[in-house]
Amino acid sequence: MASSTAYLIVGFLVLATGAHAQNCPSNPSGTRCFCYQEIFGYRINCDVNYNGGTSPEVLRNTVAYYQSYGNIDTLYVYGIKQSFFNYVGDDFLAGGQISNVTFQCDHSLSVNSMLAFSVGAFTDSQGRCGLTREINFSKCNLRQFYASAFKNCNRLEKITFMSSQVEGLIDIPTLESLRNLTVFTPIVWAGATQRGLSRLTVVPGSSFPLLNYVDLTGNSLQDESVQFVSQLSNAEEIYLEGNNLATVPNLTDCFNLRQFSITLNSSSSSPILLPKPRSQIRPLHASFYSDSNAVNDVTAFDGMFLQDVVNLKLNMTMFAEEVFLDPLLGSSGLTINLNPSARITCGCSIAWLVRDNPSLLSQVHSGTCADGRPFETYPLEDVSCCSTEPLMALIRRQRKEISELKALLVAN
């Protein structure tokens, strides 16, 4: 029975792939491409830095040639140099539907070379997009990339700019199947005035209903360029470290979020609004960092907190009762890790924690006062003369909650 099932599966794959099962044809003259036969079609690797260089027009003809024999599942173009491969025109995929497309450039991490794309590079004459799963750009200077090139690419799941110099990612349209957006720029390119992406815009009204992974690490984005993440209700991981940000985007509606990190690069006071409610019970790990010269205080701290870990590695000067008391009391295991290098104003400003709610100290780690003393060993005599109004307000609030609970029980 098992062998019969195996034969059925193999037969189904052959029938389903059709032309995909054909053997690779010989390489067309004048190009250096390597064809590999795989389950869902051909994998074509093309070295365009061959015999003086292969132009995009010649390579498009090569793509059309292979597609006349069977489906191309993967197209990997490498050895790209500006002298012969600098502009990708309309319908580069020759009307094909290709799952995985990669452009790897040899631009020597210098802005003196460049690769540009037509807005029709990935669509055919009927406006049908040929990208069906993912597209990758590696070590390419793309300067301003107009994302209208992805119009109608509603099967596209992943867009990656890896170690590339793309200064602007302009007008991203609705992408119904997009799950991963990555623009990762680890170094500053030679001759560049900034590191990586400084501008990201989304077409008004566009949506990304399945987008669950966003990595914009190591760029030069400002606050307005990352506001779109507030609408990503399906996002699970968002990474915004190493940009030019002053505030934290509102994450209230990111109901599925479980990993988040951001660096604030200028001094500011910002609210931190985390998912509320939550669509899953997995813990949230959120990390907030300050640039070495920035001072960042938190003006509000809200969310539906469970067994979450929030790393407030900010250069804070205040750990205020009106900001942090309710989240600590209302959570079922929230842990806050502070920046041990921060110097927080203590004295009566911290009495609400060390004197009135000492049990919460186990949830607050690495808190350090301006004089270097840690929260957990802060002497009570230093806060003994502070007003007890915060404590009395807490007692009044607890009594009110008990009264409301009793009234609810009587009513039922």
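Two strands pair if DSSP finds at least two bridges between them. The close-up views below are taken from a predicted model.

**View 1. Strands β8, β10 and β12 form an open sheet of three strands.**
The order in the sheet is β8-β10-β12, and the pairing is parallel. Strands of a sheet pair through backbone hydrogen bonds, either parallel or antiparallel. Three bridges join β10 (residues 165-172) to β12. Within this pair, Gly-168 has Arg-199 of β12 opposite to it. The edges of the sheet are taken by β8 (141-146) and β12 (199-202). Each edge strand has a single partner, so one of its sides has no neighbour in the sheet. From one strand to the next, the twist averages 10°.

**View 2. Strand β19 pairs with β17 and with β20.**
Strand β19 covers residues 309-313, and four of its five residues are buried. Five bridges connect β17 (residues 285-290) and β19, in the parallel sense. Between β19 and β20 there are four bridges, and this pairing is parallel too. To get from β19 to β20, the chain passes through helix α3 (residues 321-330). This β-α-β crossover is right-handed.

**View 3. A disulfide joins Cys-33 and Cys-46.**
A disulfide is a covalent bond between the sulfur atoms of two cysteines. The structure holds six disulfides. In the one shown here, the sulfur atoms of Cys-33 and Cys-46 are 2.1 Å apart. Cys-33 belongs to strand β1 (residues 33-38) and Cys-46 to strand β2 (residues 41-47), so the link ties together parts that are 13 residues apart in sequence. The torsion about the S-S bond is about 110°, so this disulfide is right-handed. Both Cys-33 and Cys-46 are buried.

**View 4. Two disulfides, Cys-346 to Cys-369 and Cys-348 to Cys-386, are shown together.**
The sulfur atoms of Cys-346 and Cys-369 are 2.0 Å apart. Their link is left-handed, with -90° about the S-S bond. It connects distant parts of the chain, 23 residues apart: Cys-346 sits in the loop between β20 (335-338) and α4 (351-354), and Cys-369 in the loop between β21 (364-365) and α5 (389-411). Cys-346 and Cys-369 are both buried.

For Cys-348 and Cys-386, the distance between the sulfur atoms is 2.0 Å. This link is left-handed, with -85° about the S-S bond. Cys-348 lies in the loop between β20 and α4, and Cys-386 in the loop between β21 and α5, so the bond ties together parts that are 38 residues apart in sequence. When the bonded cysteines of the protein chain are numbered in sequence order, the pairing is 1-3, 2-4, 5-7, 6-8, 9-11, 10-12.

**View 5. The sulfur of Cys-385 is too far from the closest cysteine sulfur for a bond.**
That closest sulfur belongs to Cys-386, at 7.3 Å. A disulfide requires sulfur atoms within 2.5 Å. Cys-385 is exposed, with a relative accessible area of 77%. Elsewhere in the chain, Cys-254 is buried, with a relative accessible area of 0%.

**View 6. Asn-256 lies in the loop between β14 and β15.**
The loop runs between β14 (237-245) and β15 (259-264). The relative accessible area of Asn-256 is 17%, so Asn-256 counts as buried. A polar atom of the Asn-256 side chain lies 2.9 Å from the backbone oxygen of Ser-233. Leaving out residues up to four places away in sequence, Asn-256 touches Ser-233, Asn-234, Ala-235, Glu-236, Ser-279 and Gln-280.

**View 7. Ala-246 is also found in the loop between β14 and β15.**
With 17% relative accessibility, Ala-246 counts as buried. Beyond its neighbours within four places in sequence, Ala-246 is in contact with Asp-223, Leu-264, Ser-266, Ser-268 and Ser-270. Ala-246 and Ser-270 are 24 residues apart in sequence, and their C-alpha atoms are 7.9 Å apart in space.

Notes:
Residues numbered from 1 in each chain as written. Predicted model: local features only at pLDDT ≥ 70, side-chain atom pairs only at ≥ 80, totals over all residues. Heavy atoms only, no water. Helix = DSSP H or I, 4+ residues; strand = E, 2+ residues; numbered from the N terminus. Buried < 20%, exposed > 50% of the residue type's maximum accessible area, 1.4 Å probe, protein only. Polar contact = N/O pair within 3.5 Å; in protein donor to acceptor, adjacent residues only side chain to side chain. Contact = heavy atoms within 4.5 Å. Axes fitted to C-alpha atoms, helices over the stretch in contact; angles between N-to-C directions. Right-handed = clockwise from strand over helix to strand, strands pointing away.
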